[in-house]
Amino acid sequence: MIVRITNIEVHPDFSIAFTFSDGMKKNVDFKPFIGKDKLSAPLKDYAYFSKVKIYEKGRGIYWPNEFDFCPDYLHDYV
């Protein structure tokens, strides 16, 4: 089964609440991923972090600088 992201809700603590096509709901803390390299550095600014979007057909999330995550990773991330 292909997992898709159906909804996101961005929180001020740099986490995102996800709803997936299989009904799973999950909150992922993105702080461990932010600022580790040049591509993720802009996400340290909450205004920029909150610009996250869902790819067409729910096959991931992305920011304007093309930093992205696939839904399978987010779905299975502990």
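How many helices and strands does the secondary structure of the protein come to? I counted 2 helices and 6 strands, bearing in mind that the model is predicted. From the N terminus on, I read the order as β-β-β-α-β-β-β-α. The radius of gyration is 12 Å, close to the 12 Å that the globule rule gives for 78 residues, so the protein is as compact as a globular protein of that length. I also noted that the C-alpha trace spans about 35 × 20 × 20 Å along its principal axes.

Next I turned to the hairpin. Strands E2 (residues 15-20) and E3 run antiparallel and are joined by 5 bridges. I found Phe18 bridged to Lys26 in E3. Between the two strands lie 4 residues, and Gly23 in the turn has a positive phi of about 95 degrees.

Which side chains of E3 (residues 25-29) are buried? Lys26 and Val28 are, and they point to one face.

Then I checked the open sheet. Its 3 strands have the order E4-E5-E6, with antiparallel pairing. E4 (53-54) and E6 (68-69) stand at the edges with a single partner strand each, so one side of each has no neighbour in the sheet. I saw 2 bridges joining E5 (residues 61-62) to E6, with Tyr62 opposite Asp68.

Last, the charges and burial. The protein has 11 positive and 11 negative side chains, and the centres of the two sets lie 2 Å apart. Buried residues make up 36% of the 78.

Key:
Residues are numbered from 1 along each chain as its sequence is written. This is a predicted model: local features need pLDDT of at least 70, side-chain atom pairs count only at pLDDT 80 or more; totals for chains, interfaces and linings use all residues. Side-chain values use heavy atoms; hydrogens and water are left out. Buried means under 20% relative accessible area, exposed over 50%, partly exposed in between (1.4 Å probe, protein chains only). Two strands pair if DSSP finds at least two bridges between them. The radius of gyration is taken over C-alpha atoms; the globule rule is 2.2 Å times the number of residues to the power 0.38. Lys and Arg count as positive and Asp and Glu as negative; His and the chain ends are not counted. The place of a charge is taken as NZ of Lys, CZ of Arg, CG of Asp or CD of Glu.
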